Amino acid sequence: MAAGVDNVPFDEIEIGQSASMSRQLTMDDIELFATVSGNTNPVHLDKNFAANTSHHKIIAHGMWSGALVSGVLGSKLPGSGTVYLGQNLNFEHTVGLGDTVTATVTVIEKKPASNIVILDCICVNQRGEVIVTGNAEVVAPTQKVHRDALDLPEVQLIHHDQHDALLHKCDDLVPVPTAVVYPCNESSLRGAVEAAEAGLISPVLVGPAALIKEIAMTFDLDISPYRLVDVELAPDAAETAARLARDGEVEALMKGSLHTDELMGAVVRKENCLRTRSRISHVFLMNVPTYPRPLLITDAAINIAPTLEDKVHIVQNAINLARVLGVAKPNVAILSAVENINLKIPSTLEAAVLCKMADRGQITGGVLDGPLAFDNAISAEAAKTKGINSPVAGAADILLVPDLESGNMLAKQLSFLANADAAGIVLGAKVPIILTSRADNLRSRLASCAVAALLATANRKAHPAPAGN
């Protein structure tokens with residue numbers, strides 16, 4: 001059982017009595033304080049901005065040190081039941097990341113008629129430098145209180161660093177000509193405009209011109225810089241966009257408000273010449289706050305019940321994408337419900353075959369292992385507990401799921417329960433295809449376009465246009 005905590009009621013408080021509390025400043029502390037206070041001054045949050053200030057580094061909010069004083073008053077002296085009346089603080093020195101600050105309060109006056117206590121306050125860092133001076137006026141409790149130590153809730157900060165890093169990869173890229181197919185609602189048209197404004201795509205809007213212009217006017221979206229191809233019906237818009245890709249006028253396709261099967265039907269139609277030797281598949285790029293690297297999940301949107309042959313293409317597509325994203329040799333975890341081969345579970349047998357195919361060079365560019373249950377794929381500790389010795393376990397870059405249902409549920413669970421950012425892309429055609437959802441936020445839409453931009457740039461480098469074109 002945790003040790004208890006006693007307060008110090010007014011009658012027990014003595015002049016000169018003191019108490020202290022120490023804490024080391026972390027970036028989490030700064031971000032939490034900014035979140036609670038609303039103080040987003042970049043001197044506290046942006047290292048590039050802070051480097052050009054007189055401090056040359058990120059510093060803590062001044063009141064972060066003041067909060068330590070509050071912590072001593074409320075939890076130690078006087079402790080439980082204390083009520084703040086006033087506080088004045090003078091900030092003598094800044095606090096940088098890694099500094100340890102000790103806050104000390106010392107009783108300098110008692111007012112028996114009102115149970116008021118005046119305390120001197122001082123904060124010093126690990127070098128003995130004075131950070132804060134001042135005093136506090138509080139009403140001390142009158143009753144002795146013993147409380148069990150309180151376990152505070154754990155706080156998890158949700159960052160978007162991985163998605164930001166993905167977008168930064170595109171900083172020097174030329175915007176990719178992209179056919180936006182039937183952008184006939186606000187979300188799809190806004191997504192195209194925002195991606196264009198971010199410098200990721202150069203949109204060609206394919207759909208009913210009058211309706212698209214009406215939507216743009218209604219939601220104050222400026223589409224005047226973009227080419228508009230007037231096509232009335234969604235299936236015809238898909239066909240037109242596919243032909244634009246076939247003829248080299250665009251280098252990517254982006255789904256608007258039409259059904260996915262309408263778009264993909266045009267992509268796979270023989271006459272449009274967008275098929276390759278690879279089977280078309282979908283990849284979710286997930287940036288999960290609790291996982292240290294981007295996680296690719298495939299296939300969760302195109303192939304409903306892929307065969308073993310399909311999975312060879314699906315996993316190779318994902319490996320190729322991971323390499324374009326900068327993962328030199330991605331780890332591929334082939335998922336099943338268990339980590340042992342079970343003749344009654346086909347996905348375990350397919351996992352074994354895929355691993356052997358990789359050993360024989362029939363799948364290249366990655367490290368495959370499976371079958372692996374999800375916990376073993378993403379947790380080294382779970383794998384160790386089960387005696388699994390694998391370079392992939394706990395370090396997966398790619399999760400190959402057994403079928404669309406399991407993959408789709410996994411991706412959406414990570415998005416809606418684990419606050420993961422997601423991007424979606426279709427691979428295996430001659431151009432990348434951006435699949436967006438009405439539920440996608442701006443980060444997800446931009447990230448999907450960023451993946452397409454990187455793929456299109458890689459395609460351009462691999463297949464340069466003939467001289468004179």
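Student: A crossing of helices is left-handed if the near helix is turned anticlockwise from the far one by less than a right angle, and right-handed if clockwise; which hand does the crossing of helix 8 and helix 9 have?

Tutor: The crossing of helix 8 and helix 9 is right-handed, and the contact (heavy atoms within 4.5 Å) is made by A234, P235, A238, E239 and A242 of helix 8 together with E262, L263 and A266 of helix 9. Keep in mind that this is a predicted model, in which local features need pLDDT of at least 70 and side-chain atom pairs count only at pLDDT 80 or more, while totals for chains, interfaces and linings use all residues. Residues are numbered from 1 along each chain as its sequence is written, and side-chain values use heavy atoms, with hydrogens and water left out.

Student: At what angle do the axes of helix 8 and helix 9 cross?

Tutor: Helix 8 covers residues 234-246 and helix 9 covers residues 260-268, and their axes cross at roughly 40 degrees, coming within 8 Å. The axes are lines fitted to C-alpha atoms, for helices over the stretch in contact, and angles run from 0 to 180 degrees between N-to-C directions. Helices (H or I, at least four residues) and strands (E, at least two) are DSSP runs, numbered from the N terminus.

Student: Switching topic, how many salt bridges does a search of the whole structure find?

Tutor: The search finds 17 salt bridges, each one a side-chain nitrogen of Lys or Arg within 4 Å of a carboxyl oxygen of Asp or Glu. One of them is formed by R227 and E249, whose closest N and O atoms are 3.0 Å apart. R227 lies in strand 10 (residues 227-230) and E249 in the loop between helix 8 and strand 11 (252-255), so this pair ties together parts that are 22 residues apart in sequence.

Student: Which salt bridge links D397 to another side chain?

Tutor: D397 meets R293 in a salt bridge, at 3.3 Å from N to O. The two are in distant parts of the chain, 104 residues apart, with D397 in the loop between helix 13 (380-385) and strand 16 (398-400), and R293 in the loop between strand 12 (281-287) and strand 13 (295-298). D397 is buried, with a relative accessible area of 7%, whereas R293 is partly exposed at 27%.

Student: And which residues does H160 touch?

Tutor: Leaving out residues up to four places away in sequence, H160 touches D421 and R443, and those two side chains meet in a salt bridge of 3.2 Å, N to O. D421 lies in strand 17 (residues 421-427) and R443 in helix 15 (residues 442-462), so the pair ties together parts that are 22 residues apart in sequence. D421 is buried, with a relative accessible area of 3%, while R443 is partly exposed at 32%.

Student: Where is H160 found?

Tutor: H160 is in the loop between strand 7 (146-148) and helix 5 (161-168), and its relative accessibility of 22% makes it partly exposed.

Student: What about K311, which residues does it touch?

Tutor: K311 lies in helix 10 (residues 308-324) and is buried, at 4% relative accessibility. Not counting residues up to four places away in sequence, K311 touches P306, E350, L354, L400, V401 and P402.

Student: Last topic, the backbone: which residues does a cis peptide bond join, with omega about 0 degrees?

Tutor: That cis peptide bond joins L77 and P78, and P78 is found in the loop between helix 4 (62-75) and strand 3 (83-91). A cis peptide bond also joins G370 and P371, with omega about 5 degrees, and P371 lies in strand 15 (residues 367-372).

Student: What value does phi of N115 have?

Tutor: Phi of N115 is near 60 degrees, which is a positive value in a residue other than glycine. N115 sits in the loop between strand 4 (100-111) and strand 5 (116-124), where it is partly exposed, with a relative accessible area of 24%. Phi of C273 is near 55 degrees, again a positive value in a residue other than glycine, and C273 lies in the loop between helix 9 and strand 12.

Methods. Left-handed = near helix turned anticlockwise from the far one by under 90°. Buried < 20%, exposed > 50% of the residue type's maximum accessible area, 1.4 Å probe, protein only.
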